[in-house]
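This report goes through one protein model, looking at salt bridges, nonpolar cores and a helix contact.

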Amino acid sequence: MVATRLDPIDRKILSELQADGRMTNVELAKRVGISAPPCLRRVRTLEEAGFIRGYHADVNARELGFEVQVFAMVGLDSQAESELVAFEERCRQWPLVRECHMLNGEVDFILKCVAPDLSSFQSFLTGELLSTPNVASVKTSLVIRGAKDDPGVPFDILEERLNRTA
């Protein structure tokens with residue numbers, strides 16, 4: 001298990017930063033029980049090793065005028081690797097597509113899209129997504145409301161698993 005390469009302090013650093021990436025290094029060090037200089041070194045090491053991919057603000061899409069959130073389930077004509085890669089690259093170019101995940105099963109990809117209004121999403125759907133080469137089908141579901149949107153991983157479960165195997 002990859003997490004076993006990390007000691008409990010590293011995992012606590014990741015947990016704390018996942019919950020609040022804006023805290024100062026001094027506050028982080030206090031929360032994890034070490035002094036600030038080694039804490040900063042550990043954070044830099046975690047960044048360099050790829051455990052921390054970046055820091056982002058959790059913006060409120062609706063407050064910014066993006067009233068519509070839609071999940072689009074996309075089926076492709078071909079699942080050849082070159083076709084999958086081409087579709088993923090196309091998704092990266094579409095601003096309304098915020099997440100793109102390849103799936104196993106009946107659907108090839110699920111896209112999380114945001115748009116200012118239904119008309120804007122409809123234009124994207126008909127003018128871009130449905131006209132993309134290799135797209136065979138698209139089924140959409142409009143989000144009515146979200147009940148949970150937690151980032152990252154559940155560190156409490158990770159710690160439980162590590163304690164069981166120790």
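The model is a predicted one. The side chain of Glu 16 forms a salt bridge with the side chain of Lys 12, at 2.9 Å from N to O. Lys 12, with a relative accessible area of 35%, is partly exposed.

Where do Glu 16 and Lys 12 lie? Both belong to helix H1, and 4 residues, about one turn of the helix, separate them.

Glu 27 is partly exposed at a relative accessible area of 26%, and Arg 31 is partly exposed at 37%.

These pairs belong to a wider arrangement. A network of salt bridges links Lys 12, Glu 16, Glu 27, Lys 30 and Arg 31. In the whole structure, a search finds 12 salt bridges.

## A salt bridge between distant parts of the chain

Arg 42 and Asp 7 meet through their side chains in a salt bridge of 2.9 Å, N to O. This pair connects distant parts of the chain, as Arg 42 is in helix H3 and Asp 7 is in the segment before helix H1 (8–19), 35 residues apart.

Are the two residues buried, partly exposed or exposed? Arg 42 has a relative accessible area of 23% and is partly exposed. Asp 7 also counts as partly exposed, with 27% relative accessibility.

## How helices H2 and H3 meet

The axes of helix H2 (residues 25–32) and helix H3 (residues 36–48) cross at roughly 100 degrees and come within 9 Å. H2 is therefore roughly perpendicular to H3, because angles from 65 to 115 degrees are placed in that class.

Which residues make the contact? From H2 they are Asn 25, Val 26, Leu 28, Ala 29 and Val 32, and from H3 they are Ala 36, Cys 39, Leu 40 and Val 43. Of the residues in this contact, 8 are nonpolar, 1 is polar and none is charged.

In soluble globular proteins, nonpolar side chains tend to be buried together. The largest nonpolar core in this model has 21 residues, and the members touching the most others are Val 74, Phe 87, Leu 111, Phe 124 and Leu 129. Two or more residues come from each of strand S1 (68–76), helix H4 (81–93), strand S3 (109–115), helix H5 (118–129) and strand S4 (135–142). S1 supplies the largest share, 5 residues.

Leaving out residues up to four places away in sequence, Phe 124 touches Trp 94, Leu 96, Val 97, Cys 113 and Leu 129. Another core, of 16 residues, lies apart from the largest one; Leu 28, Cys 39, Ile 52 and Leu 158 are among its members.

## Glu 128 in helix H5

Helix H5 contains Glu 128, which is partly exposed with a relative accessible area of 31%. Glu 128 and Trp 94 are 34 residues apart along the chain, and their C-alpha atoms are separated by 8.6 Å.

Conventions:
Residues numbered from 1 in each chain as written. Predicted model: local features only at pLDDT ≥ 70, side-chain atom pairs only at ≥ 80, totals over all residues. Heavy atoms only, no water. Core = buried A, V, L, I, M, F, W, Y, C linked by side-chain atoms within 4.5 Å. Buried < 20%, exposed > 50% of the residue type's maximum accessible area, 1.4 Å probe, protein only. Contact = heavy atoms within 4.5 Å. Axes fitted to C-alpha atoms, helices over the stretch in contact; angles between N-to-C directions. Parallel < 35°, antiparallel > 145°, perpendicular 65-115°, else oblique. Nonpolar A, V, L, I, M, F, W, Y, C, P; charged D, E, K, R; others polar. Salt bridge = Lys/Arg side-chain N within 4 Å of Asp/Glu carboxyl O.
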